[in-house]
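These are my notes from an afternoon of looking things up in one model. I kept each entry to what I could read off the coordinates.

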Amino acid sequence: GKKASRHLFMFLMTMLPFIIVLYVMCVLFVPTTYMPSISTIYMVVFLAMFLMIGMQRYNLFPQYARRYATMFERSPICKFMLNERFEIQEANEQTMKYLGGAFEKANFVELMERSGNMAHVQRLLDIVDEQGEVANEIVALNNIHTGNVMYLVVNAIKIQDDGEVFYYVMFRDKTIERQQQERIRELAFYDGLTKLPNRTAF
């Protein structure tokens, strides 16, 4: 939002000298009957400056980029973006809570190597580089903090923008859901007292 407002502000400020020159030329070469009054021109210039300052400093008009940023930050799904050097560019609040505050400034590859997850992650990156995306891939990774195995549903897409490559990654934790499924399977196929296979298992 602020970046778009700044670009618009710079554009309008660049156009202002051109408008002044155009007005002077009109005064010199156009009959005065077709020219607006000087008070009207002052009012238009004042209104333009009011709008520019409002957009620049106070976000006078809501921007779609601002709405997207709010949705990105408050999403319950973990989302983050990597550049082609696998440096983390953006990470939403859910990702920060899930993987820790140091995640935002870390190199993704180094982080995965320290946690013993690089082999699984490299396989996903190879698929993304080859196919352009990964959809609903279930991956077993070691938790960065506890070392316990966690199951994640991963979606990732490769984006090219002005010659740069970015990886946009989303994931959600499926560990509890998987544990519940295994528990249901255990209750269905094993005796609750002896833990031996029951008739259904055969």
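I am working with a predicted model, in which local features need pLDDT of at least 70 and side-chain atom pairs count only at pLDDT 80 or more, while totals for chains, interfaces and linings use all residues. Residues are numbered from 1 along each chain as its sequence is written, and side-chain values use heavy atoms, with hydrogens and water left out.

Entry on salt bridges. I took a salt bridge as a side-chain nitrogen of Lys or Arg within 4 Å of a carboxyl oxygen of Asp or Glu, and my search of the whole structure returned seven. One of them joins the side chains of lysine 174 and glutamate 177 at 2.9 Å, N to O; lysine 174 counts as buried at 12% relative accessibility, whereas glutamate 177 counts as partly exposed at 31%.

Entry on helix H7, residues 175–189. Helices here are DSSP runs (H or I, at least four residues) and strands likewise (E, at least two), numbered from the N terminus. Glutamate 182 and arginine 178 form a salt bridge at 3.7 Å, N to O, and lie four residues apart in H7, about one turn of the helix. I also noted glutamate 186 with arginine 183 at 3.3 Å, N to O, three residues apart in H7, again about one helical turn. Arginine 183 is partly exposed, with a relative accessible area of 40%. Salt bridges that share partners join Arg172, Lys174 and Glu177 into one network.

Entry on helix H6, residues 118–131. Its 14 residues reach 20 Å from the first C-alpha to the last, close to the 20 Å expected, where the expected span is 1.5 Å times one less than the number of residues. I listed Met118, Val121, Leu124, Leu125 and Val128 as the buried residues of H6. They lie on the same side of H6 because they cover an arc of only 125 degrees around the axis, taken from the directions from the helix axis to the C-beta atoms. On the other side of H6, I found Ala119, Glu130 and Gln131 exposed. Just after H6, glycine 132 has a positive phi of about 90 degrees.

Strands S1 (residues 78–83) and S2 (residues 88–91) pair in the antiparallel sense over three bridges, pairing being counted if DSSP finds at least two bridges between two strands. Methionine 81 stands opposite glutamate 90 in S2.

Methods. Buried < 20%, exposed > 50% of the residue type's maximum accessible area, 1.4 Å probe, protein only.
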